[in-house]
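Visitor: I have a model open and want to learn how to read its features. Where do we start?

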Amino acid sequence: MNNNLGKYLIIIGGLIILVGILIYFFHDKLQWLGNLPGDIRIERENFRFYFPLTTMLLASLVISILIRLYRYFF
């Protein structure tokens with residue numbers, strides 16, 4: 001193992017804590033996140049299916065931008 005792995009684990013842990021704090025304090029402001037246009041929702045009498053396609057694409061885009069910014073500056 002190298003020293004960079006430890007640094008990356010600390011950064012990832014810090015980001016998880018930051019996201020958890022944001023969700024905990026601002027959960028009422030983030031109601032739109034799971035209800036975007038393009039999210040597939042099928043509800044029947046005894047069946048419920050939810051596939052957050054647009055939400056996953058948006059999350060992937062944000063994570064990709066953050067990784068590129070990190071690589072550009074560090």
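Guide: With the elements. Helices (H or I, at least four residues) and strands (E, at least two) are DSSP runs, numbered from the N terminus. Here, Thr55 lies in helix H2, residues 53-73. This is a predicted model: local features need pLDDT of at least 70, side-chain atom pairs count only at pLDDT 80 or more, and totals for chains, interfaces and linings use all residues. Residues are numbered from 1 along each chain as its sequence is written, and side-chain values use heavy atoms, with hydrogens and water left out.

Visitor: Is Thr55 buried or exposed?

Guide: Buried means under 20% relative accessible area, exposed over 50%, partly exposed in between (1.4 Å probe, protein chains only). Thr55 has a relative accessible area of 16%, so Thr55 is buried.

Visitor: Which residues does Thr55 touch?

Guide: Contact means heavy atoms within 4.5 Å. Leaving out residues up to four places away in sequence, Thr55 touches Leu33, Gly34, Leu36 and Asp39.

Visitor: With which side chain does the side chain of Thr55 make a polar contact?

Guide: A polar contact is a pair of N or O atoms within 3.5 Å; within protein, one must be able to donate a hydrogen and the other to accept it, and residues adjacent in sequence count only if both atoms are side-chain atoms. For Thr55, the partner is the side chain of Asp39, at 2.9 Å.

Visitor: Where does Pro37 lie?

Guide: In the loop between helix H1 (3-26) and strand E1 (40-43). Pro37 is exposed, because its relative accessibility is 70%. Pro37 and Thr55 sit 18 residues apart in sequence and 8.9 Å apart in space, C-alpha to C-alpha.

Visitor: How many salt bridges does a search of the whole structure find?

Guide: A salt bridge is a side-chain nitrogen of Lys or Arg within 4 Å of a carboxyl oxygen of Asp or Glu. The search finds one. Asp28 and Lys29 form a salt bridge through their side chains (3.9 Å, N to O). Asp28 is partly exposed at 46% relative accessible area. Lys29 is exposed at 57%.

Visitor: Which elements supply at least two residues each to the lining of the largest pocket?

Guide: H1 and H2 do. H2 gives the most, with nine residues.

Visitor: What classes of residue make up the lining of the largest pocket?

Guide: Ala, Val, Leu, Ile, Met, Phe, Trp, Tyr, Cys and Pro count as nonpolar, Asp, Glu, Lys and Arg as charged, and the others, Gly among them, as polar. By that scheme, the lining of the largest pocket has 18 nonpolar, one polar and one charged residues.
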